[in-house]
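Try each task before you read its solution.

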Amino acid sequence: MSKVLIIGCGGVASVAIQKCCRNDAVFTEICIASRTVSKCDALKAKIEQEGKSKTIITTAQLDADDKDAVLALIRAYQPVAVLNLALPYQDLTIMQACLEAGVHYIDTANYEPENIDEPIWRANYEKRCKELGFTAYFDYSYQWAFHEQFEKAGLTALLGSGFDPGVTSVFTAYARKHYFDEIHYIDILDCNGGDHGYPFATNFNPEINLREVSANGSYWENGHWVETEPMEIKRVYNFPEVGEKDMYLLHHEEIESLAKNIPNVKRIRFFMTFGQSYLTHMKCLENVGMLSTTPIEFQGTEIVPIQFLKALLPDPASLGPRTVGKTNIGCIFTGIKDGKEKNIYIYNVCDHQECYRELGSQAISYTTGVPAMIGAALVANGTWRNAGARTIEEFDPDPFMEMLNEYGLPWVVDENPQIVP
Ligand code: NDP
C-alpha cells in the first residue's frame with residue numbers, strides 16, 4: 001500500500017507508470033507530475049480507459065528545476081517515495097526536495113548540468129577531469145554528496161534504476177552473490193538490433209543520447225580510468241537472438257559505481273552497438289555545431305543548437321510502431337569460484353514489437369521503464385531500505401531479479417559465453 005510521486009511523463013515514464021498500475025498492490029496511488037501536464041492527463045486517461053488497474057492516479061503540472069515547487073508538491077501529496085523520470089538535469093533539485101520533505105528517492109540516470117559552460121560547474125568539472133582522468137559530463141559525485149544527509153535522515157536514495165545503469169549492476173550483484181568468490185573482469189554489452197526505418201533518430205532523449213555517444217570513451221583498469229577517443233575501440237560480437245554487430249567502447253555511469261563497490265575488480269568496460277549510418281550522421285551534426293549546448297542568437301532569438309535539433313528529430317516515443325528487431329543487454333563476468341576461473345554472461349533479450357503491442361512503446365523505453373518501476377516498488381514497499389545515496393548494486397539482487405522475470409524482462413545465464421577480446 002504505497003503512494004508514489006512520479007516526475008516526468010516521457011518515453012521511459014510512460015512504460016514505468018503503466019507497469020506501476022499493473023503492480024497495483026504496491027502502487028495503490030500515484031501522482032504523475034511533469035512540465036507538460038497534458039501528457040500526464042493523456043496517460044492517466046489511457047490507463048483508466050483500459051480499466052485493468054486499481055491504482056488511483058492524479059496528475060500535476062510541475063517544473064522540477066524549481067526545488068521549492070517540488071517540495072510543495074511532495075508536502076501536498078505526501079508520497080512515501082519520489083520516482084524521478086524527468087531528465088538528469090533535475091536530479092539535484094528533486095533529491096534536495098526529497099531530503100527536506102523526508103521521502104525516499106529513486107532515479108535512472110546520474111546528474112549532469114543542462115549548461116556545461118556554467119562557470120562554477122565548469123571549474124569543478126575541470127578539476128575532476130584532472131584528478132580522476134575521465135571527461136564525461138556526468139559523474140556520481142554530485143549525488144553521492146547527498147549520502148550522509150540521506151543516511152542521517154534514514155532515507156534511501158536509490159540511484160540508477162534503469163537498464164544500464166540499473167539492471168546491469170543488479171546482474172553484477174547477482175553474479176557476485178551466486179556465481180563468484182571474486183569478479184575480476186566485467187564487460188557490459190548494450191546491443192540494439194532494432195530498425196526504425198529513419199535515416200537518423202535516437203531511441204531516447206536526443207540531447208542526453210547524443211551527448212553520451214559523442215563523448216570520449218573510457219574504461220576502468222587496475223584502479224584507474226583509461227580514456228579513449230570517441231569510438232576508438234571497436235569490437236564485433238555475435239549477440240544471442242540478434243546476430244553479429246559492431247560495438248564501440250563508451251564511458252558509462254555504472255563503471256564508476258561498480259569500480260567503487262565490486263572489490264578486487266580489475267577491469268570494467270562498456271560497449272554499445274551502432275550502425276555506420278548513425279555514426280556518420282552524428283559526426284556530421286557534431287562537425288556543424290548542432291550538438292552544442294551553448295546558446296546562440298538566431299534571428300533575434302536565443303536558441304540552444306542541440307535543443308533545436310531535438311525539435312527536428314523524431315520523438316523517441318513515436319518510434320514504437322515502426323521499430324522492428326530486438327535488444328540484447330547484459331554483462332559478461334570473468335572471475336574465480338572455488339579457486340577456478342570461470343565466465344558467465346547474464347543478459348536479457350527484448351523484442352521492440354512485443355513491447356509496442358503490450359504498452360505502445362519501443363524496447364529502449366521499455367527496458368528502462370520496467371526496472372524503474374521495480375526499483376520504486378522495492379523501495380516503496382520496504383524490501384529495499386538502506387539509508388544513504390546508493391547505487392543499485394548495493395542492494396540484494398534477488399527480489400529485483402525475480403521481478404524482472406515477472407514484469408517482462410526475463411534474463412538468461414550463459415555459462416559458456418563468447419568472450420570479448
Ligand atoms: P523524455 O525526454 O522522453 O522525457 C522526459 C520527461 O521529463 C518529459 O515528460 C519532460 O517533460 C519531463 N521534464 C523535462 N524537464 C522537466 C522539468 N524541468 N520539470 C518537469 N518535468 C520535466 O526522456 P526519456 O523518457 O527518454 O528519459 C527519461 C530519463 O531516463 C532520462 O533521465 C534518461 O537519461 C533516463 N534513461 C535511463 C536509461 C537507463 O537505462 N538507465 C536509458 C534511457 C533513458 P516535457 O514533456 O514537457 O518535455
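A residue counts as near a molecule if its C-beta atom, placed from the backbone, lies within 6 Å of it. Keep in mind that this is a predicted model.

**Exercise 1. The ligand shell**

Task: Find how many residues surround the ligand, and which are the closest.

Solution: 
- Step 1. Apply the cut-off: 33 residues surround the ligand.
- Step 2. Pick out the closest: Gly 8, Gly 10, Arg 35, Ala 64 and Gly 162.
- Step 3. Sort the shell by type: 17 residues are nonpolar, 11 polar and five charged.
- Step 4. Look for the main helix. Helix α1 (residues 11–22) gives the most to this shell, with three residues.
- Step 5. Check the domains. Domain 1 (2–159) and domain 2 (167–363 + 408–414) each supply at least three shell residues.

**Exercise 2. The largest nonpolar core**

Task: Explain where the largest nonpolar core lies relative to domain 1 and domain 2.

Solution: 
- Step 1. This core has 109 residues, and Ile 6 and Ala 16 touch the most other members.
- Step 2. Helix α14 (residues 363–380) gives the largest share, 12 residues.
- Step 3. Both domain 1 and domain 2 give residues to the core, so the core lies between them.

Key: Residues numbered from 1 in each chain as written. Predicted model: local features only at pLDDT ≥ 70, side-chain atom pairs only at ≥ 80, totals over all residues. Core = buried A, V, L, I, M, F, W, Y, C linked by C-beta atoms within 7 Å. Buried ≥ 20, exposed ≤ 12 C-beta atoms within 10 Å, placed from the backbone. Helix = DSSP H or I, 4+ residues; strand = E, 2+ residues; numbered from the N terminus. Domains from an automatic or database assignment. Nonpolar A, V, L, I, M, F, W, Y, C, P; charged D, E, K, R; others polar.
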